[in-house]
Amino acid sequence: MANVSASPGRHTKPAPTQLKPMWDPYVAGFFLGLVLLGTFLVVGRGLGASGALARITARTAEIFVPSWVHGNGALGPYFAKGAKWWDDWLVFELIGVVLGGLAAGLTGGRFGIQIERGPRVTARQRLLFAFLGGAIAGFGARLAQGCTSGQALTGGATLALGSWAFMFAVFGGAYGLAYFVRRLWT
Amino acid sequence: MMPLKPETWIAYTFAVLSGFAFGFVLERAGFGSSRKLAAQFYLRDMTVLKVMFTAIVTAMLGLVLLRAAGLVNMDAIYVNPTFLGPQVVGGLIFGAGFVVGGYCPGTSAVAAATGKVDGIVFLAGIAAGILGYAGAYPKLAAFANKGGDRVFLMDWLKLSYGTVAILVTLLALGMFAGAEWIERKMRGAAPTTPGSAGDESHQDDTTAPSPAE
């Protein structure tokens, strides 16, 4: 435990008391696979995240620029006649993800307001690159129609060809750029 | 016959519950931490690869076996349509965002839920990226919508479902062996990230599942 509090990248003090250990990666992966299998068997769909974020983003943008959102080819369909922006399995699933993450963080002793960053960047730089990275990933996820959960995990498990292409492209993009942005993390 | 496809409100209740389990497991895997996630791309911590491929193989084998037993109808299960061009280009862009920002969308939601300000900011970035994509959509639509067929790895490889499942399992096992080898090589060679393979702190608790290596 002393190891964690002494680690250089932690911006603020880590959550106190009873830090639960991480699960073994293979155990965590097995349970994640069972959850995914469960959603296939019950509703016939997998997990996801970016699809729900697109709907929430569209709804938020609708407050400010409704006509642009409604007329947009990418966001408009969420508000078509008979459709409701929140009426999608992924929106409810994402609510669960946030609640589950919160519950695990609280019970694991890992909840705490902090900015996690590499040892060589300031908090301000970290937030700037977090925003930039999010924007790039958000754009890529919409183009690919899914992200790590909706494409790589879900499509990977159903052996969808395009999802496997996506998965290798993600690793290719990340490993390809990693060297050039190493100052962010190492 | 599965999928059961219950009525909407039951499905949505189940969505919250399965999302809860998903988020809980992501946090317990250590994926609320951007440094741990990014360490995957510096070969310091192979947890992302191990968790992802264990999950894929588990769900895949479950589907294959239940289908062989006649308990599940694959035709009734949603399979991501294949848009090869947009998925490869989108994947490359997405991977770049992953290593720059330290998260993917699902993990940033977990990070935000556990109080990580960088996770919240990454989510705000995603929203900006989604709006940027929407703005560019009129110009991208022709490229983005090319494809859309239900195509499987087995169609591409011209092999049976079962054979491909075995090959994917072997591929995963090979990558796990490689991941363990890399982690042994890198251990001690570099500063560790919290909860990473080289960090002993996560082994203090006696209730911890024993490390696979």
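Predicted model: local features only at pLDDT ≥ 70, side-chain atom pairs only at ≥ 80, totals over all residues.
**View 1. Overall build of chain A.** Chain A contains eight helices and zero strands, and its order along the sequence reads α-α-α-α-α-α-α-α. Its C-alpha atoms fill a box of roughly 55 × 40 × 35 Å along the principal axes. Of the 186 residues in chain A, 59% are buried. Among contacts between residues at least 6 apart in sequence, 59% link residues at least 24 apart. Chain A exposes about 7,600 Å², and carbon and sulfur atoms supply 69% of that area.

**View 2. The interface between chain B and chain A.** Contacts across the interface involve 131 residues of chain B and 126 residues of chain A. On the chain B side, Phe22(B), Arg28(B) and Arg35(B) lose the most area to chain A, and together they account for 7% of what that side buries. The size of an interface is often expressed as the accessible area lost when the parts come together. Here the area buried between the two chains is about 11,000 Å², with carbon and sulfur atoms giving 76% of it. Three salt bridges are counted between chain B and chain A. Asp118(B) forms a salt bridge with Arg126(A), in which the closest N and O atoms are 2.9 Å apart.

**View 3. The largest nonpolar core and the surroundings of Phe94(B).** In soluble globular proteins, nonpolar side chains tend to be buried together. The largest nonpolar core of this model has 108 residues, and Leu32(A), Leu159(A) and Phe94(B) have the most contacts inside it. Helix H3 of chain B, residues 47-68, gives the most to this core, with 13 residues. Leaving aside residues up to four places away in sequence, Phe94(B) touches Ala137(A), Gly140(A), Ala141(A), Cys147(A), Thr148(A), Phe166(A) and Val170(A) in chain A, together with Cys104(B) and Pro105(B) in chain B.

**View 4. A nonpolar patch on the surface of chain B.** The patch is formed by Trp156(B), Leu157(B), Leu159(B), Ile166(B), Leu167(B), Leu170(B) and Leu173(B), which together have about 700 Å² of accessible area. Helices H7 (153-157) and H8 (161-186) of chain B are the elements that give two or more residues to the patch. H8(B) gives the most, with four residues; Leu170(B) is found in this helix.

View 5. Leu159(B) is found in the loop between H7 and H8 of chain B. Its relative accessible area is 36%, so Leu159(B) is classed as partly exposed. Leu159(B) touches Met154(B), Val164(B) and Leu167(B), not counting residues up to four places away in sequence. The C-alpha atoms of Leu159(B) and Met74(B) are separated by 17 Å, although these residues lie 85 residues apart along the chain. Lys158(B) is found in this loop as well. Lys158(B) has a positive phi, near 55 degrees, and counts as exposed because its relative accessibility is 72%.

**View 6. Backbone features before helix H1 of chain B.** Most residues other than glycine have a negative phi, and most peptide bonds are trans. The peptide bond from Met2(B) to Pro3(B) is cis, with omega near 0 degrees. Pro3(B) lies in the segment before helix H1 (8-28) of chain B, and Lys5(B) is likewise placed in the segment before H1. Phi of Lys5(B) is positive, near 50 degrees. With a relative accessibility of 47%, Lys5(B) counts as partly exposed.

Technical notes: Residues numbered from 1 in each chain as written. Chains lettered and ligands numbered in written order. Heavy atoms only, no water. Core = buried A, V, L, I, M, F, W, Y, C linked by side-chain atoms within 4.5 Å. Buried < 20%, exposed > 50% of the residue type's maximum accessible area, 1.4 Å probe, protein only. Contact = heavy atoms within 4.5 Å. Patch = residues over 30% accessible without salt bridge, like charges linked within 9 Å, V, L, I, M, F, W, Y side chains within 5 Å. Areas by Shrake-Rupley, 256 points an atom, 1.4 Å probe, with all protein chains shown as cover. Salt bridge = Lys/Arg side-chain N within 4 Å of Asp/Glu carboxyl O. Buried area = accessible area lost by both parts, 1.4 Å probe.
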